[in-house]
Amino acid sequence: MISKTYTKYIWLLNTLLQQELSLKEIENLWKCIPANEGGMSQRTFHECRKAIKEMFCIDIECKKKGKNSVYFVSNPEILDDNKPAKWLLTNYSVPKDLITFSMMKDRILLEEIPLGTSRVNPLIKAIQQCREVSIDYQKHKHDSHRMTLTVQPYILKVYGRRWYLLGFVKESDSIRVIALDRILEMRLTNQFFTYPKDFDAKKYYEDVLGIYVDENLSPQDVKIRVYGEKMKYVEDLPLHSSQHLAYYKDNEYADFTYNVCITPELKTLFLSFGESLEVLKPDNLRQEMKDRIKASLERYEEKK
């Protein structure tokens, strides 16, 4: 769950992106929403305004409109290149109509991230301040081995209903991915680090699907054939940014090509399509898919 403070920032930004408002109008709107807590005084408004500038590089400015002063977002185009900000606005904007919200709360079902969310705000702080964190970590729930890691946090990423931290781990002298729901304890240290200027998170993930990057792998040309209704799903929601429609046969099937690293997550995704997806190239990946499907079939054929 995102903090109430962040909710207020997001609500204010989203509201002023839609219309110009006076401070009085902002106060009245805030009183009418489900997340209302603590009011929206002039002092609170300007604190939120400052925080929005620091978090999103968005400017909320004031101008005269008739006899009143109104506030507005002067540089909304910043959001076009700020995907995290867009994600927050999309997922955490608060409905303005309390009655409608109350009536619909049991009919609007959101996919929740069950664990690890309590670590998000402290990690955002550590990322902003470039502070190292000390983490007590357990790889798996039933794993008795517990390790303490000193991490320089780079980015946070959501994938498959889980939060992940990507950062430089001193103990292994490498960049690693840490699932937030596997963190047992976490402490912000007083040690600061310099964020590497040559590290680009988008570039780091551009050749993979998922969360884990194997720096020993290089991207390969992959071709798949998707059948039936699933081909429309894949066309509408590309599996990767490199996706290209290579061939389409009526409503029977479609061939798609990619240039990606062949990771365990990619293989798992392909297998999740069941009989609707066939790997065409490369040959070694096609053979591996055949072997794994055969092994799965043999489990069903075993006598109990």
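Trainee: Does Asp255 count as buried or exposed?

Mentor: This is a predicted model, in which local features need pLDDT of at least 70, side-chain atom pairs count only at pLDDT 80 or more, and totals for chains, interfaces and linings use all residues. Residues are numbered from 1 along each chain as its sequence is written, and side-chain values use heavy atoms, with hydrogens and water left out. Buried means a relative accessible area under 20%, exposed means over 50%, and partly exposed lies in between (1.4 Å probe, protein chains only). Asp255 has a relative accessibility of 3%, so this residue counts as buried.

Trainee: Which residue forms a salt bridge with Asp255?

Mentor: A salt bridge needs a side-chain nitrogen of Lys or Arg within 4 Å of a carboxyl oxygen of Asp or Glu. For Asp255, the closest N and O atoms of the pair are 2.7 Å apart, and the partner is Arg225.

Trainee: Which residues in helix 9 are buried?

Mentor: Helix 9 spans residues 264-272. Its buried residues are covered by elements including strand 4, strand 8, strand 10, strand 11 and helix 10 (283-301). The residues in question are Glu265, Leu266, Lys267 and Phe270.

Trainee: What is the average twist in the open sheet of five strands?

Mentor: This sheet is antiparallel, with the order 6-5-4-3-7. Strand 6 (174-179) and strand 7 (183-192) each have a single partner, so they stand at the edges. Axes are lines fitted to C-alpha atoms, for helices over the stretch in contact, and angles run from 0 to 180 degrees between N-to-C directions. From one strand to the next, the twist averages 45°.

Trainee: Which side chain of opposite charge is nearest to Arg131?

Mentor: Arg131 belongs to strand 3 (residues 131-137). Lys and Arg count as positive and Asp and Glu as negative, while His and the chain ends are not counted. Arg131 is buried and has no salt bridge. At 9.6 Å, the nearest side chain of opposite charge is Glu132.

Trainee: Which side chain makes a polar contact of 3.1 Å with Arg131?

Mentor: A polar contact is a pair of N or O atoms within 3.5 Å; within protein, one must be able to donate a hydrogen and the other to accept it, and residues adjacent in sequence count only if both atoms are side-chain atoms. A polar atom of the Arg131 side chain lies 3.0 Å from the backbone oxygen of Thr189. The side chain that meets Arg131 at 3.1 Å is Gln129.

Trainee: How many residues apart are Lys63 and Glu20?

Mentor: Their side chains form a salt bridge, with N and O 2.8 Å apart. Lys63 is in strand 1 (residues 60-65) and Glu20 is in the loop between helix 1 (4-18) and helix 2 (23-31), at a separation of 43 residues.

Trainee: Which other residue forms a salt bridge with Glu20, at 3.5 Å?

Mentor: Glu20 is partly exposed, at 28% relative accessibility. The residue that reaches Glu20 at 3.5 Å between the closest N and O atoms is Lys65.

Trainee: How many salt bridges does the structure hold?

Mentor: Some share partners and join Asp136, Arg146, Glu185 and Arg187 into one network. The count for the structure is 18.

Terms used
Helix = DSSP H or I, 4+ residues; strand = E, 2+ residues; numbered from the N terminus. Pairing = 2+ DSSP bridges. Contact = heavy atoms within 4.5 Å.
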